[in-house]
Amino acid sequence: MSSSPVLEESLRKAIVDKPDAVLEDQTVMNALVSANERSMGANIVDLRGIAMDRMEARLDRLEDTHRSVIAAAYDNLAGTNQIHRAVLRLMDPTNFEDFLQNLRGELSEIMRLDAITLVLESAQNDQTNAVERMGEVLNIVEPGFIDDYISQGRGGMVRPVTLRQMQGGMPQLYGDKADWVRSEACLKLDFGDGRLPGLLVMGAEDPHQFTPQHGTELLTFFGGVFERSMRHWLS
C-alpha cells in the first residue's frame with residue numbers, strides 16, 4: 001500500500017487545467033520547493049533551491065531599486081516644473097517694487113515657502129523711503145554680513161547655494177516668522193564687478209524641505225536667473 005498522499009480529483013483537475021497559475025503563484029511554488037527539499041532528506045543539499053532563493057532576493061532588491069528610481073525621477077520632474085514656473089513668474093514684474101513684492105506673493109506659493117527675504121549689502125547707513133516701504137521683503141546689511149551668515153561665522157569658501165536645517169531663523173531676516181523656520185536655502189547672488197553681493201534666503205516650516213542631502217542644481221539655476229534679473233534693476 002503506497003504511503004504517498006493522493007490528490008483529490010478536483011484539485012488534480014484544477015492543476016492540470018491551469019498549470020501556469022501554479023507556476024505564477026509564488027506562495028504555492030515556495031511550498032512545493034520546501035516539500036521537495038523535505039522529501040530529499042537532510043543529507044542532500046538542493047543547490048538549485050539555494051540558487052533560486054538568492055535569485056528571488058536579488059529580484060526583490062532590484063524591484064525596490066526600480067521603485068526608488070521611478071520615485072526620484074518623478075520628484076526631479078516636479079522640482080524642475082516648479083523652478084520653471086518660478087522663473088517665468090520672476091520675469092513678469094515691470095518695476096522694481098513689484099519685483100520685490102512678488103517674492104512674498106505668487107513666487108512663494110509656487111516654491112512652497114513660508115518666508116523669503118532679499119538681503120543686500122550696502123556701505124551706506126541711510127535707507128531711502130522706498131527701501132523702508134519694502135522692509136518686509138528687502139533687508140539692507142553691512143558689508144561682510146552675507147558671507148558670515150552663510151558660513152555661520154566659520155569663514156572659508158562660501159558656495160552659491162547652502163541648504164540646512166535649523167531650530168528657528170534669524171529675526172533680522174525672517175521677522176515674526178523666524179520662530180517657525182526649520183529649514184532654509186541660502187542663495188548667494190553675484191551682481192557683477194564693483195558691486196557688493198546679495199543673498200536670497202528662503203525659509204520653510206518643514207524641516208525636510210531644505211537639507212544638506214538635497215541636490216542644489218535647480219536652485220543654482222534659479223539663483224542665476226534671479227541675480228541676472230537684479231542686475232537689470234540695478235543698472
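Biologist: What should I know before I start?
Modeller: This is a predicted model, where local features need pLDDT of at least 70, side-chain atom pairs count only at pLDDT 80 or more, and totals for chains, interfaces and linings use all residues. Residues are numbered from 1 along each chain as its sequence is written, and side-chain values use heavy atoms, with hydrogens and water left out.

Biologist: OK, in what order do the five strands of the sheet run?
Modeller: The open sheet goes β2-β1-β5-β4-β3, with mixed pairing. Strands here are DSSP runs of E, at least two residues, and helices are runs of H or I, at least four, numbered from the N terminus. Two strands pair if DSSP finds at least two bridges between them.

Biologist: And which strands stand at the edges?
Modeller: β2 (138-141) and β3 (161-165); each has a single partner strand, so one side of each is left without a neighbour in the sheet.

Biologist: How many bridges join β3 and β4?
Modeller: Five, in the antiparallel sense, with β4 covering residues 183-189. L163 stands opposite A185 in β4.

Biologist: Switching topic: how many aromatic pairs are there?
Modeller: Six. F96 and W233 form a tilted one, 6.3 Å centre to centre with 45° between the planes. Rings of Phe, Tyr and Trp (its six-membered ring) pair if their centres lie within 6.5 Å; planes under 30 degrees apart are stacked, over 60 edge-to-face, and the rest tilted.

Biologist: Where do F96 and W233 sit?
Modeller: F96 is in helix α5 (residues 96-103) and W233 in helix α10, 137 residues apart.

Biologist: Last one: how many residues line the largest pocket?
Modeller: There are 19, and G79, Q82, Q209, H214 and L218 lie nearest its centre. A pocket is an open set of points on a 1 Å grid where a 1.4 Å probe fits, with protein on both sides within 12 Å along at least five of seven lines; lining residues have an atom within 4 Å of a point.

Biologist: Which helix gives the most to that lining?
Modeller: α4, with six residues.
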